[in-house]
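Good morning, colleagues. Please look at the sequence and the structure as they come up on the screen.

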Amino acid sequence: MFPGLMFKPGPGGALPFLGKRRFTVGALGKRFQPSKIYGRLGPLEVRLARKRSEIRGAQRLRYKVFYEEMSAVPGALAMLSRRDEDAYDAVFDHLLVVDRGDPGDGRRWRRSKVVGTYRMMRQEVADLNDGFYTQGEYDIAPLLAAKPDYSFMELGRSCVLKPYRNKRTLELLWQGVWTYVREHGADVMIGCASFEGTDPSAHAEALSFLHHTALAPEDWRVRAHEHLRVEMNMMPREAVNVRAAMKALPPLIKGYLRVGAYVGDGAVIDHQFGTTDVFVIMPVEAIKSRYFDHFGAPDELASTSAAASVPLN
C-alpha cells in the first residue's frame, strides 16, 4: 500500500524505522500544504484534506456510513481500525466538508468534525498509478482512448453524515467538487453511484428508467465488464412509472441527472459494499447552463479566498 516507504540504515548498519516518504501525487504526498478552502456556510467549510489525520477522519466517516449504516462487509483490518480505506486513498485527493463548531460557544479550542467527503483523482494521477478505480467494474479504456483531447477526473466514496444530509450540505460539497474541476481544467467527471442492496430486481423500475432516459450517447457510452454486467433494461419504457422511478432513485444519482449526467450500459453488483452500482459520466460541456449561474462557468475561476467567502443560497 505504501511502495514509497524506504528505510535508511542507521549507525552501525542498524535499520531504525526512519520512513522516507516519496509520494509525489495525491493528498498523502502533501503533509504540509496550505489550506484549499472552496466554500463556507455557517460552521461548515469545504476544503481539501491537508494531512493524514484529516484523511483518517474521512475514512472513519466512510466506515460509519458504509459499514455501520449501510450493508458493506468489513474485513478484519477495517473492523479493527473502524475506517474504510484502500490503496487508492494514497493517490486520491480528498474533499472534506468539516463542521468547525459554533464560534460563539465560548470555547477556546474546538475540534473540527468531518461530516461529508468525496475522493477525486485526475487522469494524470491515474496514469502514473494503476488507472482509475472504476476500471475494476467498467471497461473505460475505450472511452479514454476515443477522447484523447479530454481530461478525465474520477469521483468516488461520496458520503455525508446522517444529521447533515440536507440540500445546503450537498450544495457545499458540490461547490467544492466544481471548484476543483475548474481549478484543474477537467473536462469529464466519471465514477460509480450506487443503489443499496445486491438484488437488482428490487430496483428494476429505477434501473429501467435510467436505461431508457439517461443512457449515454454511443460516443460516451461505457459498458460494464461482461462477467459482472447486469442488464438494466428490465422493463419496457412504456411500463415504467416515471414518478415512482424518480422517487426510487438515490439522491446522489438524482442530483447527477439534474446536472445533465449520463449513465453507462449495465449495472454491477458490489458484494463488499452491498450495493448495485451504475456508471456515471458527466462531460462538462453537457452540464446544464443554469448551474453555471449558481456555481460559476467552467472558464471562470474565482480565487480560493474569494470562493471561501461566497455563501450558498
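I shall speak about two residues and the elements around them.

This is a predicted model, in which local features need pLDDT of at least 70, side-chain atom pairs count only at pLDDT 80 or more, and totals for chains, interfaces and linings use all residues. Residues are numbered from 1 along each chain as its sequence is written, and side-chain values use heavy atoms, with hydrogens and water left out.

I begin with V98. V98 lies in strand 5, residues 93–99; helices (H or I, at least four residues) and strands (E, at least two) are DSSP runs numbered from the N terminus. With a relative accessible area of 2%, V98 is buried; buried means under 20% relative accessible area, exposed over 50%, and partly exposed in between, with a 1.4 Å probe and protein chains only.

Which residues does V98 contact, leaving aside its neighbours within four places in sequence? They are P43, L44, E45, R47, S112, K113 and V114, where contact means heavy atoms within 4.5 Å. The C-alpha atoms of V98 and K113 are 5.4 Å apart, at a separation of 15 residues in sequence.

Strand 5 and strand 6 run antiparallel and are joined by 7 bridges; two strands pair if DSSP finds at least two bridges between them. D93 has M120 in strand 6 as its bridge partner.

I turn to A206. A206 belongs to helix 6, residues 204–214, and is buried at 2% relative accessibility. Not counting residues up to four places away in sequence, A206 touches F195, A245, A248 and L249.
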